[in-house]
Amino acid sequence: MTSIVSIQLAEGKPSVSLHEYRVAWEGKMAGTFAFKAGSTAVPMISDVAFAELLNDPYPTFKRARDMAPIVRIEAAKIMVATRYDDIVAMERDPETFSSENPQSLVNKVMGHTMMRKDGEAHQRERRAIDPSLRPGAVKSCWGPKLEAVFEDIVARFERDGEADLFQALAAPMAGRALAEVLGFQDVDWQTMAFWSQSLIDGAGNYSGDPEISRKAVEAARGVEDAIDRALPYHRANPNTSVLSSMIHAEDPHEIDQIYANIKVAVGGGLNEPRDSILTLILGLLQNPDQLERVKANPNLWPVAFEEAVRWTSPIGMYPRRVTRDIVFSGVQLRAGDQVGLCVGAANRDGSRFEDPDRFDVFREKKSHLAFGAGAHFCAGTWVSRHMVGRLVVPRLFERLPNLRLKDPDAVRIQGWVFRGPVTLPVVWGA
């Protein structure tokens with residue numbers, strides 16, 4: 001849910017295996033950050049295979065951080081910023097590092113979303129959405145509704161004694177929660193997952209694959225139809241949903257704005273909560289001493305969530321366009337360059353976090369970048385923090401006694417632009 005209005009590009013549930021999907025999709029994703037001539041001062045990492053990035057990007061991230069503020073990773077044909085302080089500086093300077101990109105396929109597939117706007121244009125649309133995602137709305141409205149969703153999902157598998165939590169818990173929870181918060185009335189989580197994948201696959205379709213384009217168009221129309229079906233109810237019954245907030249705001253969305261911003265929410269609103277649920281569970285199961293201390297002190301669950309998304313950031317990178325020639329931290333950049341802000345690397349920056357590769361709930365408290373920074377800081381943060389860190393994971397450990405990994409070697413984590421467990425087989429009971 002953290003990605004409802006913050007994500008630039010993401011993936012939903014694949015129709016092929018998640019491994020195949022991540023490999024194929026992240027390969028296309030590289031086109032979003034295509035390196036442009038003119039930045040010859042940017043050093044390059046050319047001896048890392050793309051598969052290495054998918055399997056474990058962190059050694060490459062460390063090399064990049066140690067090498068220069070901005071580095072080109074040749075295997076992915078992208079230029080990235082990997083240091084914590086540099087990314088914060090970029091996010092605080094949207095005039096130079098802009099979210100706007102007229103050539104973006106996101107605009108073609110989804111419309112001109114707020115994620116491709118800066119300044120007042122972005123803030124105006126953001127203000128229309130924020131009321132539905134504030135802490136008060138989370139506590140009074142979304143908390144009880146998401147609890148009911150969670151109880152229904154867990155009841156379906158808790159007597160089985162084992163499950164892969166990706167498919168049994170995290171994917172349906174993320175899809176159903178997103179549908180609730182957006183205000184859809186008749187859309188199941190599998191459809192949400194199909195729409196999410198198809199929209200984002202279309203947004204990365206730089207090869208012009210006609211089948212990908214067809215699915216993206218189908219998904220876009222499906223989202224628009226769902227919006228059209230829901231709007232009469234929300235017009236007549238103001239409520240805390242995102243759709244209701246859009247149309248009842250002081251400066252309400254026009255229909256094209258509604259279509260575009262709901263599409264980007266659908267595109268980005270599944271993978272981040274799904275993956276953060278699984279990452280938090282995995283981090284605790286791999287560190288049973290920490291798990292026992294957290295279970296003994298419920299106030300530590302939110303802290304554990306923040307550590308999980310720092311440790312393995314579900315959305316690890318998003319683009320910014322350089323608007324003018326500039327020397328940034330000693331590196332020459334040219335107007336038009338695309339730079340990937342690699343927050344997944346920044347969240348393991350050793351200059352900020354001690355022993356950064358370790359999952360440690362009890363590390364010194366410092367802010368991370370899993371929710372972004374600056375004006376585009378994720379508006380869905382409070383929903384995510386509640387759903388994952390206060391509801392789903394704590395309640396799961398209560399409901400499933402002696403929850404443990406079925407086979408630690410069977411756990412697989414995949415991706416680098418988007419990273420999370422793709423399988424999490426567990427058992428519970430005696």
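**Entry 1. Helices H13 and H17**

I looked up the contact of H13 with H17, taking contact to mean heavy atoms within 4.5 Å. Pro273, Ser276, Ile277, Leu280, Ile281, Leu284 and Leu285 of H13 meet Met387, Val388, Val392, Val393, Leu396 and Phe397 of H17. I noted the classes of these residues: twelve are nonpolar, one is polar and none is charged. In this scheme Ala, Val, Leu, Ile, Met, Phe, Trp, Tyr, Cys and Pro count as nonpolar, Asp, Glu, Lys and Arg as charged, and the others, Gly among them, as polar.

The model is predicted, so I noted that local features need pLDDT of at least 70 and side-chain atom pairs count only at pLDDT 80 or more, while totals for chains, interfaces and linings use all residues. Residues are numbered from 1 along each chain as its sequence is written, and side-chain values use heavy atoms, with hydrogens and water left out.

I then looked up the geometry. H13 covers residues 271-285 and H17 covers residues 381-399; their axes come within 10 Å and cross at roughly 50°. Helices (H or I, at least four residues) and strands (E, at least two) are DSSP runs, numbered from the N terminus. Axes are lines fitted to C-alpha atoms, for helices over the stretch in contact, and angles run from 0 to 180 degrees between N-to-C directions. H13 and H17 are therefore oblique to each other. Angles under 35 degrees count as roughly parallel, over 145 as roughly antiparallel, 65 to 115 as roughly perpendicular and the rest as oblique. The crossing of H13 and H17 is right-handed. A crossing is right-handed if the near helix is turned clockwise from the far one by less than a right angle, and left-handed if anticlockwise.

**Entry 2. The nonpolar cores**

Which residues have the most contacts inside the largest nonpolar core? I found Phe157, Leu169, Phe184, Met192, Ile262, Ile281 and Leu396, in a core of 95 residues. The largest share of this core, twelve residues, comes from helix H8 (residues 165-182). Another core lies apart from it and has 22 residues, among them Met79, Leu341, Ala346 and Phe353. A nonpolar core is a set of buried Ala, Val, Leu, Ile, Met, Phe, Trp, Tyr and Cys residues joined through side-chain atoms within 4.5 Å. Buried means under 20% relative accessible area, exposed over 50%, and partly exposed in between (1.4 Å probe, protein chains only). In soluble globular proteins, nonpolar side chains tend to be buried together.

Leaving aside neighbours within four places in sequence, Leu396 is in contact with Phe150, Val154, Phe157, Leu165, Leu169, Ile281, Leu391 and Leu403. Ala346 is found in helix H16 (residues 343-346) and is buried, with a relative accessible area of 0%. Not counting residues up to four places away in sequence, Ala346 touches Thr82, Arg83, Tyr84, Ile87, Phe353 and Leu369. Ala346 and Leu369 are 23 residues apart along the chain, and their C-alpha atoms are separated by 7.3 Å.

**Entry 3. Helix H15**

How many residues of H15 are buried? I found ten of the eleven residues of helix H15 (residues 301-311) buried, so H15 is largely enclosed by the rest of the structure. The buried residues include Trp301, Phe305, Glu306, Glu307, Arg310 and Trp311. What covers them includes helix H3 (58-67), H13, helix H14 (288-296) and H17.

**Entry 4. Buried residues in other helices**

I looked up Thr60, which lies in helix H3 and is buried at a relative accessible area of 5%. Apart from neighbours within four places in sequence, Thr60 is in contact with Ile45, Val48, Leu53 and Ile73.

Ser245 lies in helix H11 (residues 242-248) and counts as buried at 10% relative accessibility. Beyond four places in sequence, Ser245 touches Ala128, Ile129, Pro131 and Ser132.

Ala260 lies in helix H12 (residues 255-268) and counts as buried at 1% relative accessibility. With neighbours within four places in sequence left aside, Ala260 is in contact with Met110, Gly111, His112 and Thr113.

**Entry 5. Loop residues**

Most residues other than glycine have a negative phi. I noted that Lys77, in the loop between strand E2 (70-73) and strand E3 (78-81), has a positive phi near 55°. Asn402 also has a positive phi, near 55°. Asn402 is found in the loop between H17 and strand E10 (404-405) and is partly exposed, with a relative accessible area of 47%.
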